[in-house]
Amino acid sequence: MLLPSPTRPHRMAVLAFDGMAPFELGCVVEIFGLPRPELELPWYDLKVCAETPEPLRVVGGFTMRADHGLDVLAGAETVIVPGVADVRGPVSGPLVSALREAHGRGARMVSICSGAFALAAAGLLDGRAATTHWKYAELLQERHPEIRVNPSVLYVDDGDVLTSAGSAAGLDLLIHLVRRDHGPGVANTVARRLVVPPHREGGQAQFIEAAVTPVEDDDAVARAMAWALDHLTDPITVADLAGVAHMSERTFIRHFKRQTGTSPLRWVISQRVAASLPMLESTAAPVEEIGAAVGFESPVTFRHHFTRAMRTSPSAYRKAFSA
């Protein structure tokens, strides 16, 4: 896989196509296309590519024209496919060829929402875990049974091939790419500029099939979450969180999952892992001390949850991202 260089911009391409919705493309351009001199590092060199130089119709009643063709896409180091024109139609031969060529050269391949159908048509998801928007997941699995389709997560990071669920989950995946490439400090800075959460765990649920939570319950859960963030180094139980929210444990768990898509303790674990990242990057403290500093009861527990969340060990993460 072609990793970002510390001395030059990483070459990135995003596909534009006739009939596309603009949100996903806009997210890619916002994150990777804007110059960010304040970060004082080589940012991305993003090219918008299309199969044709002709004007492309965009949902909402306007047209756009891409300056680059599939040859530029095939030569990129990261390729992002933000969707396909028709999930039930064929993916064009030229696009399939360009995707295969890019992947064969070692490019990192990324899809947002229905873009997974393009990667699947190119055979790049065969034998892999992948996701797409929940309403397309069954169709993707039927058409490509060799893929392990997970319809319940925000995104799947399979190393050199990454897939996300619907539009907003694509934003989570794009921030995740920045985190992988430049570490949590840079990712947090970009997320703050966008006013979005700096990290949502990929395994979080895509959606929750439930009624909207009343505002007062939202406030109570938010109050408990804020309290937990202030007490990460202390033992935290569901009873503690429910007490802060002035709810029974059973009621709190129900409202928490309705609002966040995950359980209270899993959320606490993810926050502890996230809190450990800057310490691993910027200090020489032993891994054991860092785990204790963010609330894990033992080094074994810290390493287990860190590896599960980050797909690498704390020591390997430090080696990759320390200053």
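# A tour from the loop at Cys113

Start by selecting Cys113, which sits in the loop between E6 and helix H4 (116-121). The model you are looking at is predicted. Cys113 counts as buried because its relative accessibility is 8%, and the cut-off for buried is under 20%. Now check its backbone: phi is positive, about 55 degrees, although Cys113 is not a glycine. Most residues other than glycine have a negative phi.

Which other residue has a positive phi without being a glycine? Select Glu40, where phi is near 55 degrees. Glu40 lies in the loop between H1 and E2. Is Glu40 buried or exposed? Its relative accessibility is 75%, so Glu40 counts as exposed; the cut-off for that class is over 50%.

Go back to E6 and select residues 108-111. In a regular strand the side chains alternate between the two faces of the sheet. On one side of E6 are Arg108 and Val110, on the other Met109 and Ser111, and all four are buried, so both faces of the strand are covered.

To see the two strands side by side, show Val79 and, opposite it in E6, Met109. Then select helix H3 (residues 93-104): together with E5 and E6 it makes a right-handed β-α-β unit.

E6 also has a parallel neighbour in strand E10 (residues 161-164), joined to it by three bridges. Show Ser111 and its bridge partner in E10, Thr163.

**The whole sheet**

Now select every strand of this sheet. What is the order of its six strands? It is E2-E1-E5-E6-E10-E9, in an open sheet with mixed pairing. Strand E2 (44-49) and strand E9 (155-157) are at the edges; each has a single partner strand, so one side of each is left without a neighbour in the sheet. From one strand to the next, the twist averages 15 degrees.

**Helix H14**

Move on to helix H14, residues 314-321, and select Pro314, Tyr317 and Arg318, which are buried. Why do these residues lie on the same side of H14? They cover an arc of only 100 degrees around the axis, which puts them there. Lys319 and Ala320, on the other side of H14, are exposed.

What do the buried residues of H14 pack against? Show helix H7 (184-194), helix H11 (264-282), helix H12 (287-293) and helix H13 (299-310), the four that they pack against.

**Where H11 meets H13**

For the last stop, keep H11 and H13 on screen. Their axes come within 10 Å and cross at roughly 90 degrees. That angle makes H11 roughly perpendicular to H13. To see the contact, select Ile269, Val273, Ser276, Leu277 and Leu280 in H11. They meet Phe302, His305, Phe306, Ala309 and Met310 in H13.

Methods:
Residues are numbered from 1 along each chain as its sequence is written. This is a predicted model: local features need pLDDT of at least 70, side-chain atom pairs count only at pLDDT 80 or more; totals for chains, interfaces and linings use all residues. Side-chain values use heavy atoms; hydrogens and water are left out. Buried means under 20% relative accessible area, exposed over 50%, partly exposed in between (1.4 Å probe, protein chains only). Two strands pair if DSSP finds at least two bridges between them. A crossover is right-handed if, with the strands pointing away from the viewer, the path from the first strand over the helix to the second runs clockwise. The arc is that of the directions from the helix axis to the C-beta atoms. Contact means heavy atoms within 4.5 Å. Axes are lines fitted to C-alpha atoms, for helices over the stretch in contact, and angles run from 0 to 180 degrees between N-to-C directions. Angles under 35 degrees count as roughly parallel, over 145 as roughly antiparallel, 65 to 115 as roughly perpendicular and the rest as oblique.
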